[in-house]
Amino acid sequence: MSPHANLPIHRACHDLCALATRTFDQMSRSARYAVGQDLVRECFRMVMLVEAANEARGEARAAQLAQLSRRLQTVKLAYSVGHQQRMV
């Protein structure tokens, strides 16, 4: 398997972390702590899951990818709620 830093999914997660960090910086103080911290934290966890899935094999890899998918849904929901509430 190629080094995880060269994988498109790793680069996409890294870009998502950068976007979440920039978004966090632009949020109001109340929004930062209501939504922003969780958003950034989830993005960093996604990068860690990509690395773990890259090293895992078989059922362990499937479990890591399922967890990654759930975290992605959480990030999407946080962005959606933040946008609707004009936090983002």
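Arg 57 is exposed, with a relative accessible area of 51%, where exposed denotes over 50% relative accessible area, buried under 20%, and partly exposed the range in between (1.4 Å probe, protein chains only). This residue lies in the loop between H2 and H3. Arg 57 and Ser 69 are separated by 12 residues in sequence and by 17 Å in space, C-alpha to C-alpha.

The structure is a predicted model, in which local features need pLDDT of at least 70 and side-chain atom pairs count only at pLDDT 80 or more, while totals for chains, interfaces and linings use all residues. Residues are numbered from 1 along each chain as its sequence is written, and side-chain values use heavy atoms, with hydrogens and water left out.

The protein chain contains 3 helices and 0 strands, assigned as DSSP runs numbered from the N terminus (helices: H or I, at least four residues; strands: E, at least two). From the N terminus on, the order of elements is α-α-α. The C-alpha trace spans about 40 × 20 × 15 Å along its principal axes. Of the 88 residues of the protein chain, 33% count as buried. Among contacts (heavy atoms within 4.5 Å) between residues at least 6 apart in sequence, 62% join residues at least 24 apart.

The largest nonpolar core has 19 residues, and those touching the most other members are Leu 16, Ala 20, Leu 39, Cys 43, Met 46, Val 75 and Tyr 79. Two or more residues of this core come from each of helix H1 (8-26), helix H2 (29-55) and helix H3 (58-84). H2 gives the most, with 9 residues. A nonpolar core is here a set of buried Ala, Val, Leu, Ile, Met, Phe, Trp, Tyr and Cys residues joined through side-chain atoms within 4.5 Å.

A search of the whole structure finds 0 disulfides, a disulfide being a pair of cysteine sulfur atoms within 2.5 Å. The cysteine sulfur closest to that of Cys 17 belongs to Cys 43 and is 5.0 Å away, which is too far for a bond. Both residues are buried: the relative accessible area is 5% for Cys 17 and 0% for Cys 43.

The accessible surface of the protein chain, from the Shrake-Rupley method with a 1.4 Å probe, comes to about 5,800 Å², and 55% of this area belongs to carbon and sulfur atoms. The protein chain carries 12 positive and 7 negative side chains, with Lys and Arg counted as positive, Asp and Glu as negative, and His and the chain ends not counted. The centres of the two sets lie 5 Å apart, each charge being placed at NZ of Lys, CZ of Arg, CG of Asp or CD of Glu.
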